[in-house]
Amino acid sequence: MRNIAFLDPDLYELMSVYSKYADDILLNFLKEDDQLAYTEIFERYSRILVNHAYKILGNQDEANDVVQEVFLAVWNRRADLNITGSLSSYLYKAVKNRILNHIAHEKVVSRYADSISDFIENDYVFADSKLREKELESIIKREIELLPSKMREVFLLRKVEELSYDEIALQLNITDKTAKQQVYNSLKILREKLKFLAHVFIW
């Protein structure tokens, strides 16, 4: 947005005015669908929120995603926002809650991906498992098989054979950082495809 403002002197001047407004004034403008107010709030807080999220998650892409999701939610709910404290506190809390949800969803996928290791390795179905467990095992197995081949290979080495990232890197002639990124990407894909099941299968 600031690059656009640089090209448009009028917009740059207008954004300079918005940068002087207090948060509560920007919120009032935001509730009236003012996109420049939203842009100023984003510019004012996004970087510090991403840094905060990164300290918790330890992954830049995840941190960016979390903050983007929070600001998207702010825009979508702009007319109904009810912020009793400061805007900064509200945004920090929203990021924290989003991170907790993010971690919870990742743990759900990881937990069930781990739980079907025998199923993947031995093509074995647990006869006494609950129906929903078998259904989820089958769905996750199918989704894992649909992963890109290299990503699937790294994922299975980590989650099924339980190799360390260093061992995976040595075996596949890649860096441990690449191995970690491939596993992260795998979980992200699985989480997106399976998130609609989270509320059904968490107990």
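**Figure 1. Surroundings of Val95 in the predicted model.** In this predicted model, Val95 touches Leu49, His52, Ala53, Val66, Val67 and Val70, when residues up to four places away in sequence are not counted. Val95 also belongs to the largest nonpolar core, where it is listed with Leu30, Ile41, Phe71 and Leu91 among the residues that touch the most other members.

Figure 2. At least two residues of the core are supplied by each of helix 3, helix 4, helix 5 (60-76) and helix 6 (87-115), and the largest share, nine residues, comes from helix 4. Apart from this core there is a second, separate one of 15 residues, which includes Tyr165, Ile168, Leu172 and Leu187. In soluble globular proteins, nonpolar side chains tend to be buried together.

**Figure 3. Packing of helix 3 against helix 4.** Two packed helices are described by the angle between their axes and the distance between the axes. For helix 3 (residues 23-31) and helix 4 (residues 35-57), the angle is about 140 degrees and the axes lie 8 Å apart. Since angles over 145 degrees would count as roughly antiparallel, the two helices are therefore described as oblique to each other. Helix 3 contributes Asp23, Leu26, Leu27, Phe29 and Leu30 to the contact, while helix 4 contributes Ala37, Tyr38, Glu40, Ile41, Arg44 and Tyr45. Of the residues in this contact, eight are nonpolar, three are charged and none is polar.

Figure 4. In helix 10 (residues 165-172), the buried residues are Tyr165, Ile168, Ala169 and Leu172. Because these residues cover an arc of only 100 degrees around the axis, they lie on the same side of helix 10. An α-helix has 3.6 residues a turn, so residues three or four places apart point the same way. Asp166, Leu170 and Gln171 are exposed on the other side of helix 10. Helix 10 is followed by Asn173, which has a positive phi, near 60 degrees.

**Figure 5. The setting of the close-up views within the whole chain.** The protein has 12 helices and zero strands, and buried residues make up 38% of its 203 residues. Among the contacts with a separation of 6 or more, 60% are accounted for by residues 24 or more positions apart.

Terms used:
Residues are numbered from 1 along each chain as its sequence is written. This is a predicted model: local features need pLDDT of at least 70, side-chain atom pairs count only at pLDDT 80 or more; totals for chains, interfaces and linings use all residues. Side-chain values use heavy atoms; hydrogens and water are left out. Axes are lines fitted to C-alpha atoms, for helices over the stretch in contact, and angles run from 0 to 180 degrees between N-to-C directions. Helices (H or I, at least four residues) and strands (E, at least two) are DSSP runs, numbered from the N terminus. Angles under 35 degrees count as roughly parallel, over 145 as roughly antiparallel, 65 to 115 as roughly perpendicular and the rest as oblique. Contact means heavy atoms within 4.5 Å. Ala, Val, Leu, Ile, Met, Phe, Trp, Tyr, Cys and Pro count as nonpolar, Asp, Glu, Lys and Arg as charged, and the others, Gly among them, as polar. A nonpolar core is a set of buried Ala, Val, Leu, Ile, Met, Phe, Trp, Tyr and Cys residues joined through side-chain atoms within 4.5 Å. Buried means under 20% relative accessible area, exposed over 50%, partly exposed in between (1.4 Å probe, protein chains only). The arc is that of the directions from the helix axis to the C-beta atoms.
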